[in-house]
Amino acid sequence: MTLQVWPGHAYPLGATYDGAGTNFALFSEVATKVELCLIAEDGSEECIRLPEVDAFVHHGYLPSVSPGQRYGFRVHGPYDPENGLRCNPAKLLLDPYAKAVHGQVDWDESVFPYAFEDGPEGPPTDTDSGPHMMTAVVVSPFFDWTGDTPPRVPYSDSVVYEAHVKGLTMTHPDIPEEERGTYAALAHPAVIEHLQRLGVTTLELMPVHQFVQDHHLVEAGRSNYWGYNTIAFLAPQNTYSAAVRAGANDRAVEEFKAMVRDLHRAGIEVVLDVVYNHTAEGNHAGPMLSMRGIDNPAYYRLVDDEPQFYMDYTGTGNSLNVRHPHALQLIMDSLRYWVTEMHVDGFRFDLASTLAREFYDVDRLSTFFDLVQQDPVVSQVKLIAEPWDVGDGGYQVGNFPPLWSEWNGKYRDTVRDFWRGEDATLAEFASRISGSADLYQKDGRRPSASINFVTAHDGFTLHDLVSYNEKHNDANGEDNNDGESHNRSWNCGVEGPTDDIEVVALREQQKRNFLTTMLLSQGVPMIVHGDELGRTQLGNNNVYAQDSTISWVDWERAVEFFPLIEFTAAVSKLRREHPVFRRRRFLHGRPVAGSDVQDLAWFAPTGEQMSDDDWEAGYAKSVAVFYNGDAIREPGPRGERLTDDSFLVLFNASPETIDYTMPPSEYGTTWEVVLDTAAPMLSEVEERRVKTGESTAVDARSILVLQRTG
């Protein structure tokens, strides 16, 4: 039967099903002709030329095409790599706006535009890549959200939990085997209960945009586990869908939506780690999978005087061309789609500095950030930057615009150094735990601009941070040359696993120190999946290619580390119940009206306020901070005056027990210990009440939290 093809519309881009048929639209300024190829179950194609072109958008409407239909594009046009043009109709191309994807690339030579024997400078090949390509799938936009309402958790109340869809759920004994490692598994009651127990408000998922397994990893028998290799910015990764595993190619979207809906019902937001800085097509020697063959100079940043090559600010071979309006449109359309259609609550932008590179230097007022600022949808969700890339001048911690929060790399480095006993870290440690005002206050941002983390997916887990001095990445097959070598870690005296009880006890205490510091710092804390239950990667700090038990959360191990889970939940609860630990505005150390007591004060172990000499003493590793619950200047959600208990937090990173004298009586006359990281179990925290002028011992390398009772 001959398919009917109507003119259709140039907007929206991609495949849009309206209940009766599907509109297809593809932008290409360089194409002379675009063919839409419909893929049958047996893999055969029926190709139809898109009949209309408006403003370089090729489009057509097919009334007979419905959800589940697989498709791709073949783009005719010039192949002239020396001038940046790479059209080749022999290559089936994935729609950049694909909302679902079927299959994977199998890395047959045909997916490359050149013959291996000729190399990337050779002539184009006419070998059909279709049988070896992933294809887009038409999806239905209709879904029963049943009154879904976004939690809209304020930044100041947020506790972020970074997780990998597969890694978090793959070994959980309560999840059915057929669902493990999927979106459905993330919404399983056992996972939700665990997150709620920890006080998690915001689940930050590592990349779920459809990505590609790298050619070199496949050849080496490994895989791209992390997923920072995107090929389709609107499609959820199909290997994370239980429905797709069962054969329902168009159901990944529905499964993802159901996951978001169920997490929202539990009060948990979903934030996506997104990779708009590059794509899986790599450098000039890479495959032709999508945008390279559609409009190479529009979508990619080419070297100005050598357009056969790609600018690479990411270390992955290419950079998306954020100077071009259609590349920017793709990013913005993708962001809006995930908010409006998939109901996600925000984004963490991988290597976000790359998005600011309109010319060479990182420009915080680049077009991308202007567009985000003005967008009525994207500007209203959580926006978190990884504020660096691999190019010159790419480290931009503290330099993003007012709407943005940032992974605070300086917080991570300072807190690690402080607890491993480095000299001359005390002053900066104080700045970091009080909200990093030096980084964020000058441009009108709040403490919530700082995403406080000690560990992340990239690097040691918390258990390994206190168990290894050196990386142990031999399993990666790169002779231990990959991964960061300067980890600011400390193994507590023994490298790796040990039966030494004292070393094991110190490691657990250090974990409690890190978690307490992070959860009681001003700003937004971020926990990495499994850190609360002793997850280890055996010293591997770069498991990007380890889709195995090395990288998955071991839920059986959680039984052994249940005290750490309880401890994490308790500190999170302390933060949640006391707004003094999650201030919306910066603390200033100024007296409160009608009182000589400051909103924040720092004390030496002598009970006297810290002097300049105290801060500058390179050997100093101990300090007390007073949080005044009567001095919360910002109002509550209904405009009410907020008051809270006052707390004294005593930090001792030195290797010796230190006696702390309580501050003068105007700060409080009696104090009660509510948390002690030196106690292995919560039930073992010693009941202690201390009066003004009295002293209390703070064990070596520990934190004592005291609440004012009088």
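Select R336, which lies in helix α8, residues 325–340 (helices are DSSP runs of H or I of at least four residues, strands runs of E of at least two, both numbered from the N terminus). The model is predicted, so local features need pLDDT of at least 70 and side-chain atom pairs count only at pLDDT 80 or more, while totals for chains, interfaces and linings use all residues. Residues are numbered from 1 along each chain as its sequence is written, and side-chain values use heavy atoms, with hydrogens and water left out.

R336 has a relative accessible area of 26% and is therefore partly exposed (buried means under 20%, exposed over 50%, partly exposed in between, with a 1.4 Å probe and protein chains only). Leaving aside residues up to four places away in sequence, R336 touches E341, D375, V377 and V378, contact meaning heavy atoms within 4.5 Å. With D375, the side chain of R336 makes a polar contact of 2.3 Å (a pair of N or O atoms within 3.5 Å; within protein, one must be able to donate a hydrogen and the other to accept it, and residues adjacent in sequence count only if both atoms are side-chain atoms).

Next, select helix α9, residues 367–374, whose buried residues are F368, F369 and V372. These lie on the same side of α9, because they cover an arc of only 95° around the axis, taken from the directions from the helix axis to the C-beta atoms. Their cover includes α8, β19 (346–349) and β20 (382–385).

Finally, go to Y161 in strand β12, residues 160–163, where the side chains of Y161 and E532 are joined by a polar contact of 2.7 Å.
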